[in-house]
Amino acid sequence: MAEQSVEKTPIQIHDMTIAYHKKPVLWDVDLDIPEGKLVGIIGPNGAGKSTLIKGVMNLIPKASGWVKIYGQPYEAMRRHIGYVPQRESVDWDFPISALEVVMMGRYGHIGWIRRLRREDRRIAEEALAKVGMEEFAKRQISQLSGGQQQRVFLARALAQDARIYLMDEPFAGVDAATERAIIDILIELRRQDKTILVVHHDLQTVTNYFDWVIMLNMRVVASGPTSEIFTDENLQKTYGGRLTVLSEAAQAIASQQSQ
Amino acid sequence: MLENIGRFLSLSDANVRFVLLGSLLIGSTGGLLGSFAVLRKRSLIGDALAHAALPGVALAFMLSGSKALPILIAGATLSGVLGVLCIQFIVNFTRIKADSAIGIVLSVFFGIGIVLLTHIQRSSVGNQSGLDKFLFGQAAAIVNDDLKVMSILAIFIITAVLLLYKEFKVLIFDPGFMQSLGFSTRLVDLTLMGLIVLTVMVGLQAVGVVLIAAMLITPAVAARFWTERLHVMILLATFFGGLAGMTGTFVSSLAPRIPTGPVMVLVATGFFVFSALFGPRRGMLARWHRERANRQRESRQHLLRACIELEEQQGRQHFSPQELSAELQWPQQRLERQSKRMVRAGLMQLRHNGWSLSQQGREEGLFVVKSHRLWEHYLFYRDILDMDHLDRPADEVEHLLTPEIITRLENLLEREQVIDTQRIVNIHASSSLYRPGGQDD
């Protein structure tokens, strides 16, 4: 019985601690994220929001703890995960078209050395169309607006055809039309029982967009259904008092290391 | 000299064929891998690698007593890679940044190499001449056996790039995403670095340690000016590199004492200068042209706005040059030049009693005035700027506002009852100071 319930949990995080250059940025995270939820990850700058989703995907080493995806290690399940990195994390002057970026979403399915098939191209074109960018397929990516670049990144994740989506600030710096388009797609994904984690900054839209929240400030302050968890008290705990004991402790560890 | 040219062009001499083919291989593999190196922002690593290879060449000769290319390349590779590892080590374990680390390692290894070369020259070892060719390169030294080695390496490099093209592309564009897909970025990065090492080593003898990095960087940078597609850039860089290699070898063969490396690099630099000037979108001429078009559009819009605003103030449609130049605060000359352009474009008419707008000019002018005022109203309403700061920043942006943005501004300001869209007043003239600090939708 217990095993059954574990396998149905898309993301299970147990006692995960992550440190950059020995300086801990996330402490003892324990989370069970239920299937088919649109989950907002909120917290102040430096709270470890990006670190949390990078930790799930093994993009950065964990100091301790483990993550399971539907009861399996990430390596076995990575084809079921779609990722939207922060838009600023790449050089948009790279000589490549919007469609080529989206086709990268297929690379994980085709694997090493093998080339893209016609089928992959079709899936990528469909993904671009879903975000309303089919006209821009051949456009070089630096000639797109910020909102359009963000849509291309979202289309790439859609082309991954995943069950879990991890998105790092997909709403950062986008226009109102793009924000609407993105949220519509996220709601559509949820309708298909996908699980979506979104690092989010705009507190005003949290209750509208997300049915589940993770409130983070170097540790999980609270997590659960938005209606129960997104309270003034928890907001105060998450955002109030910049220098928490944890960050002071992390600073102490870091300065000891550099001496 | 004519004899030389004839011998070269007829390709009858087997040596000439080896040399030309060799330099073609060196130039084109340099352009090919250089594209990846430049985009990965690793161009300087290639330079460090080449300089650090010099002591390896000297040591390989001292230990083996042989000048066979594979042995020298092996030595060069070992010390080159050692140099790159030193750079990594310095960056990882000290606070020294990559550029300084590259500088330190490059000069130390190169210095050791020169000391060893000098030692070899002075010692009594027979047959020691020729190693100094590794400094500035001598393509003429390529013989049949060398060409075989170079061809095998070149075929290996090209095959590897063809197979791993997709992996290199995603590695350079978005390594984090690549890793999330389950590819080992470390493995792909090491492979790419290994191929760059091989490319440098293949060209070492013909181009020389001092300048081989230029054969990585220059063709790739030149190619970037012509295209926005990676595969086109790679093909172009390969072509530029190959052509520079062959031309350089040819020119240097005309006079016996010209080393090959510098000539190749000069030819490649020629490609670069040409591309930087004439590249279609990124080239300097294209940019200059765009900027000039922008300046002219701004001047046109300023003049149109001045006419419309004078019409509003004065209630007449003909203005003297003096009136216009006072309104615009332009020197007479600039006004005349711009007016002539406007007349040619059919926006203004010149009559004996002064200048006036044509029908077309008035239409465009009204739109320009509307954009300007909407934008000023918006900036002030949003509390972005104070009244006395408004004019200049509004000027800079208003020329770029599209009709769609104007429509949105208009709807927004009208809904908020900031303006009456039937008659948008000049914000500086009106005394209606409304409450700033509104919100967008």
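**Note on the predicted model of chains A and B**

1. Of the 441 residues that make up chain B, 40% count as buried. The model is a predicted one, and the points below should be read with that in mind. Chain B holds 18 helices and two strands, and, among its contacts with a separation of 6 or more, 70% come from residues 24 or more positions apart.

2. Helix 2 of chain B, covering residues 14-39, has 26 residues and spans 38 Å from its first C-alpha to its last, close to the 38 Å expected at 1.5 Å a residue.

3. Helix 13 (residues 284-314) and helix 14 (residues 321-328) of chain B pack with their axes 10 Å apart and at an angle of about 110 degrees, which makes helix 13 of chain B roughly perpendicular to helix 14 of chain B. On the side of helix 13 of chain B, the residues that meet the partner helix are B:His302, B:Leu303, B:Ala306 and B:Leu310, while helix 14 of chain B contributes B:Glu323, B:Leu324, B:Glu327 and B:Leu328.

4. B:Met284 also belongs to helix 13 of chain B. With 14 other C-beta atoms within 10 Å, B:Met284 is partly exposed. Not counting residues up to four places away in sequence, B:Met284 touches B:Ala276 and B:Leu277, and its C-alpha atom is separated by 10.0 Å from that of B:Phe274, 10 residues apart along the chain.

5. Turning to chain A, an open sheet of six strands is found there, in the order 5-6-7-3-8-9 and with mixed pairing. Strand 5 (81-84) and strand 9 (220-225) of chain A stand at the edges and have a single partner strand each, so one side of each is left without a neighbour in the sheet. On average, and with direction ignored, neighbouring strands of this sheet are turned by 10 degrees against each other.

6. Strand 5 of chain A pairs with strand 6 (residues 164-168) of chain A in the parallel sense over four bridges, and A:Val84 stands opposite A:Met167 of strand 6 of chain A. Helix 7 (residues 146-159) of chain A packs on the sheet, where it touches strand 5 and strand 6 of chain A, and its direction makes about 170 degrees with that of strand 5 of chain A. Helix 8 (residues 176-191) of chain A lies across strand 3 (38-42), strand 6 and strand 7 (195-199) of chain A, and runs at about 150 degrees to strand 7 of chain A.

7. A:Ile214 lies in strand 8 (residues 212-216) of chain A and counts as buried, because 25 C-beta neighbours fall inside 10 Å, where 20 or more are required. Leaving aside its neighbours within four places in sequence, A:Ile214 is in contact with A:Leu31, A:Val39, A:Ile41, A:Val220 and A:Ser223. The C-alpha atoms of A:Ile214 and A:Gly40 are separated by 6.1 Å, although the two residues are 174 residues apart along the chain.

8. Helix 2 (residues 49-56) of chain A is largely enclosed by the rest of the structure, because seven of its eight residues are buried; these are A:Lys49, A:Thr51, A:Leu52, A:Ile53, A:Lys54, A:Gly55 and A:Val56.

9. Two residues of chain A deserve a look for their backbone angles. A:Asn58, in the loop between helix 2 and strand 4 (64-69) of chain A, has a phi near 60 degrees, a positive value in a residue other than glycine, and counts as partly exposed with 16 C-beta neighbours inside 10 Å. A:Tyr70, in the loop between strand 4 and helix 3 (74-77) of chain A, has a phi near 45 degrees, likewise a positive value in a residue other than glycine, and with 18 C-beta neighbours inside 10 Å A:Tyr70 counts as partly exposed.

10. Finally, the contact between the chains takes 20 residues from chain B and 18 residues from chain A. On the side of chain B that touches chain A, the elements giving two or more residues are helix 7 (144-173), helix 8 (175-180) and helix 11 (230-254) of chain B, and helix 7 of chain B gives the most, with five residues.

Key: Residues are numbered from 1 along each chain as its sequence is written. Chains are lettered from A and ligands numbered from 1 in the order in which they are written. This is a predicted model: local features need pLDDT of at least 70, side-chain atom pairs count only at pLDDT 80 or more; totals for chains, interfaces and linings use all residues. A residue is buried if 20 or more other C-beta atoms lie within 10 Å of its own, exposed if 12 or fewer, and partly exposed in between; C-beta atoms are placed from the backbone. Two residues are in contact if their C-beta atoms, placed from the backbone, lie within 7 Å. The expected span of a helix is 1.5 Å times one less than its number of residues. Two strands pair if DSSP finds at least two bridges between them. Axes are lines fitted to C-alpha atoms, for helices over the stretch in contact, and angles run from 0 to 180 degrees between N-to-C directions. Angles under 35 degrees count as roughly parallel, over 145 as roughly antiparallel, 65 to 115 as roughly perpendicular and the rest as oblique.
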